[in-house]
Amino acid sequence: MSGLPVLMYHHVSPSPGLVTVSPETFRAQMEWLARHGYRSIGCADVETFLSGGELPAKSVLITFDDGYLDNALHAFPVLAELGLRATIFLVTGWIGDGPARREGEAPSHRECTARIAAGRGDDVMLRWSEVERMAAAGACEFHSHTHTHTRWDQRIADAAERGERLREDLVQSRETLRTRLGAPSRHLCWPQGYHDEDYRRIAREAGFDHLYTVEKGSCTADTASDRIPRVVVKDRRDGWFGRRLWLYRHPRLSAAYLRMRGE
């Protein structure tokens with residue numbers, strides 16, 4: 001295997017908006033994967049791949065950022081039905097308690113952001129009971145998107161203080177995952193994709209050695225485990241999805257494509 005596409009989703013929702021695909025598009029994309037013989041892998045497989053191990057030629061890592069309720073309502077049933085699995089990077093401080101829901105709202109990203117800011121995150125975010133149900137079904141695994149989703153570089157000017165706040169955020173997220181799910185995570189996705197060398201060093205010191213970005217490109221055996229690129233998935237059913245999967249399975253071609261576009 002030469003290239004591993006790492007797909008990035010946020011919302012699967014009937015509410016149009018930023019970083020959202022519709023339930024119909026998501027089903028079409030997952031059915032395309034199943035129909036074309038793709039194997040959806042987990043983060044342990046990524047560790048194996050980046051350590052020199054082999055993966056089946058048609059492997060793909062499906063990721064979601066943040067941990068929205070719509071992931072359980074609209075993505076999880078499709079994954080379970082088709083025998084696929086996904087990785088959800090949770091903002092652990094936004095995940096609450098309460099009974100698992102089979103129905104609920106799936107508003108736009110803008111509305112979700114507004115409700116979280118207003119202290120109503122439970123309206124739109126997963127609960128731990130839902131996380132546990134999805135994990136037990138084998139269709140989803142859960143890793144860190146920090147505890148607070150804070151861009152500390154935008155909040156604190158002093159480098160030492162900023163680093164300490166980031167360290168606390170990461171340690172709390174990892175400990176929350178260990179307490180709630182029984183094992184600490186080694187996998188971290190950066191809020192808004194922001195990271196620098198200090199961020200990466202602090203993350204490694206906190207126990208995260210596989211770091212996911214919003215940088216574009218194919219993940220290959222030579223990819224640094226602290227700079228894993230991903231592919232932003234669009235709400236399109238016109239053949240775009242299949243073309244992107246093929247492109248990012250071929251790292252030289254995807255690199256040439258990105259250079260041509262100046263990305």
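Biologist: What makes V19 partly exposed?

Modeller: V19 has a relative accessible area of 34%. Buried means under 20% relative accessible area, exposed means over 50%, and partly exposed is in between, with a 1.4 Å probe and protein chains only, so V19 counts as partly exposed. Before we go on, this is a predicted model, where local features need pLDDT of at least 70, side-chain atom pairs count only at pLDDT 80 or more, and totals for chains, interfaces and linings use all residues. Residues are numbered from 1 along each chain as its sequence is written, and side-chain values use heavy atoms, with hydrogens and water left out.

Biologist: Thanks! Where is V19 found?

Modeller: V19 is found in the loop between β2 (11–12) and β3. Helices (H or I, at least four residues) and strands (E, at least two) are DSSP runs, numbered from the N terminus. The phi of V19 is positive, about 45°, although V19 is not a glycine.

Biologist: And why is Q192 called exposed?

Modeller: The relative accessible area of Q192 is 52%, and exposed means over 50%, so Q192 is exposed. Q192 is found in the loop between β8 (187–189) and α8 (197–205), and its phi is positive too, near 60°.

Biologist: Now the other end of the scale: why does T63 count as buried?

Modeller: T63 has 0% relative accessibility, and buried means under 20%, so T63 counts as buried. T63 is found in strand β5. Leaving aside neighbours within four places in sequence, T63 is in contact (heavy atoms within 4.5 Å) with V6, L7, M8, Y9, T87, F89 and R230.

Biologist: What makes T220 buried, given that T220 is in a loop?

Modeller: T220 is in the loop between β9 (210–212) and β10 (231–232). Its relative accessible area is 16%, which is under 20%, so T220 is buried. Not counting residues up to four places away in sequence, T220 touches S2, F49, L50 and P251.

Biologist: How do you know that the buried residues of α5 are on the same side of the helix?

Modeller: The buried residues of helix α5 (residues 128–136) are W128, E130, V131 and M134. They cover an arc of only 160° around the axis, so they are on the same side of α5. The arc is that of the directions from the helix axis to the C-beta atoms. What covers them includes α3 (69–82), β6 (86–90), β7 (140–144) and α7 (159–181).

Biologist: And what makes α9 mostly covered?

Modeller: In helix α9 (residues 240–248), 7 of its 9 residues are buried. They are W240, F241, G242, R244, L245, L247 and Y248, and they pack against β1, α1 (23–35), β5, β10 and α10 (251–260).

Biologist: Which residues have the most contacts inside the largest nonpolar core?

Modeller: Y9, F26, M30 and F241, in a core of 44 residues. A nonpolar core is a set of buried Ala, Val, Leu, Ile, Met, Phe, Trp, Tyr and Cys residues joined through side-chain atoms within 4.5 Å. Apart from that core lies another, of 14 residues, among them L4, I41, L50 and L55.

Biologist: Last one: how many nonpolar, polar and charged residues are in the lining of the largest pocket?

Modeller: The lining has 12 nonpolar, 12 polar and 6 charged residues. Ala, Val, Leu, Ile, Met, Phe, Trp, Tyr, Cys and Pro count as nonpolar, Asp, Glu, Lys and Arg as charged, and the others, Gly among them, as polar. A pocket, on a 1 Å grid over the protein atoms alone, is an open set of points where a 1.4 Å probe fits, with protein on both sides within 12 Å along at least five of seven lines; lining residues have an atom within 4 Å of a point.
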